[in-house]
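Colleague: I'm new to reading structures. Could you walk me through one?

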Amino acid sequence: MQLAVLLGSTVTMAVLFGTYMARMITYESRPLEKTLARVENGFYKMVGIDKDQQMSWKEYLLALVVTNAIVAGFVFVMLMAQGLLPVSQGLDGFSPDLAFHTAASFITNTNLQHYAGDQQLSVFSQMTVITFIMFVAPASGIAAAFAFIRAFIRKNFGLGNFYVDFIRVIVTLLLPVAFVSALLLVFLGVPQTLAPSATVGTLEGGQQTMVMGPVASLESIKQLGSNGGGYFSANSAHPFENPSGLSSMFETLLMLVIPLSFPIAFAKLVGKGRGVSILIAMLAGFGVMLGIALVQESGPALLETRFGSFGSVLFNVGSLSTNTGAVASSLAGMSPSAVTGLFLGMFVQAIPGADGTGMMTMIVYVVLTLFIVGLMVGKTPEYLSMKISSHDIKLAVFIFLIHPALILIPTAISLMSGDAQTVLGTQGQQTVTATGYTQTLYEYTSAAANNGSDYFGTSADTPFWNYSTGIVMLLGRYIPIGLMLAIAGSFTVKDRKEVIEPIKTQGPLFITVLVVMTFLLTALTFFPFLAIGPFSMGS
């Protein structure tokens, strides 16, 4: 019943969101267009943006990277200087390596935390640094996806304007939805206050001081924007972030709604059959991921009793399938099959994937699928009446291969250097256990996938782990986005001619082939490393 209610309500909301996003992609009139345009134009004039300027893929990518770099620099400075601020609550600033890691983590939409937010960040830092950047990162990914989709629906007209897309996404999509969601979370029991703590009486007659703050406002954009970084170190397992089964369901809906809205928007723009086929493929992949996670029962140790085994697994699968990374339980409480399911979501990154980048990654899988099927039937790969060139295939293959490289090479280095053993507490031992290897592999998988969940937490707050995972997060974010925009740039100048595709890109046959090809490519790449990791845990 939980699963049926979740998927039914999420798809219903995705239809509404997707219809609106399709209008944003094509710059069509939206509900309350005059009011929205007036607000947006104020921002354009303030920043000095020519809203009618169209950008090439290189210009779009440069604008995205520069904007993100400026924001990341601001975050780095603010975290380093936290102890000098008058509202620091007596907390020290971050070390340079931790500040770098945190800035890289949040600007890449990863939110991998090597700090305990409730112990190391002031209310001011949580609001002006963490919550602020949680709007910037997903807005950048959504804007990139808008530009990517435009390449398939118009020719020789540029990919749009990054600054226009970026402002529109924040002002007219993320901000209003996050605001309403925060109010609903307050109603469900999530605190929202500027007070840093509250002292209450206990059942034993004593007193206890509890950390408080603007949790609901952070929590809403955390889930809606595929962010995942928690106000508290326990993340969504903390009762102030996720008080009940009802709040857990609502937060899971927030994580899924925008990623599942993109296929709906795609359907509005290129044809209902093609968009719905991608949506069903994403949901089928989600079902496979959830099914694997439920093969063995998780817990009961290290799971929250208010969610239980199924509720914890459903939340975690919903979170990692969208690369949000929030967790409603300790990963150590998850069964080996559940951990394998979580790995699968991070390997594929498109079932349904993060806000914006998930849809872009799925189209890359479509391109690879059409290429492979074309080889099988002896036809030139075509998509949406456009030829897929060898240049496009090379870019798609590189996007696919960069992911395992960013995972496996750092994992091997950390094990050979002994830095993994230091965090695992196994220094001096000649072998690494399957559990220790899994935890190390998971750290870099989460970083490369811009996911953010991990086993290590604050124990990884060392220069090696902060710098290595920070670099992996940056490369795992901007290299794929850059290559995807390059593919978009290639498609936007192609001739549109009615041709026969190697396989019709809609309908049950295409859905089946796309899902099989996606999982087959993933299995061939990562199976050996799962075999010596989660498959061997407990053996």
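Modeller: Gladly! Let's begin with Phe266, which touches Ile149, Gly271, Gly275, Ile278, Met359, Ile363, Tyr383 and Leu384 (heavy atoms within 4.5 Å), leaving out residues up to four places away in sequence. This is a predicted model, where local features need pLDDT of at least 70 and side-chain atom pairs count only at pLDDT 80 or more, while totals for chains, interfaces and linings use all residues. Residues are numbered from 1 along each chain as its sequence is written, and side-chain values use heavy atoms, without hydrogens and water.

Colleague: Which residues touch the most other members of the largest nonpolar core?

Modeller: A nonpolar core is a set of buried (under 20% relative accessible area, 1.4 Å probe, protein chains only) Ala, Val, Leu, Ile, Met, Phe, Trp, Tyr and Cys residues joined through side-chain atoms within 4.5 Å. Here the largest has 167 residues, and Leu174, Phe262, Phe266 and Tyr383 touch the most other members.

Colleague: How do I read two packed helices?

Modeller: Such a pair is described by the angle between the axes and the distance between them. The axes of helix 3 (residues 57-80) and helix 6 (residues 123-150), lines fitted to C-alpha atoms over the stretch in contact, come within 11 Å and cross at roughly 170°, on a scale from 0 to 180 degrees between N-to-C directions. Therefore helix 3 is roughly antiparallel (over 145 degrees) to helix 6.

Colleague: Is Arg168 buried or exposed?

Modeller: Arg168, in helix 7 (residues 162-187), counts as buried because its relative accessibility is 7%.

Methods: Helices (H or I, at least four residues) and strands (E, at least two) are DSSP runs, numbered from the N terminus. Angles under 35 degrees count as roughly parallel, over 145 as roughly antiparallel, 65 to 115 as roughly perpendicular and the rest as oblique. Buried means under 20% relative accessible area, exposed over 50%, partly exposed in between (1.4 Å probe, protein chains only).
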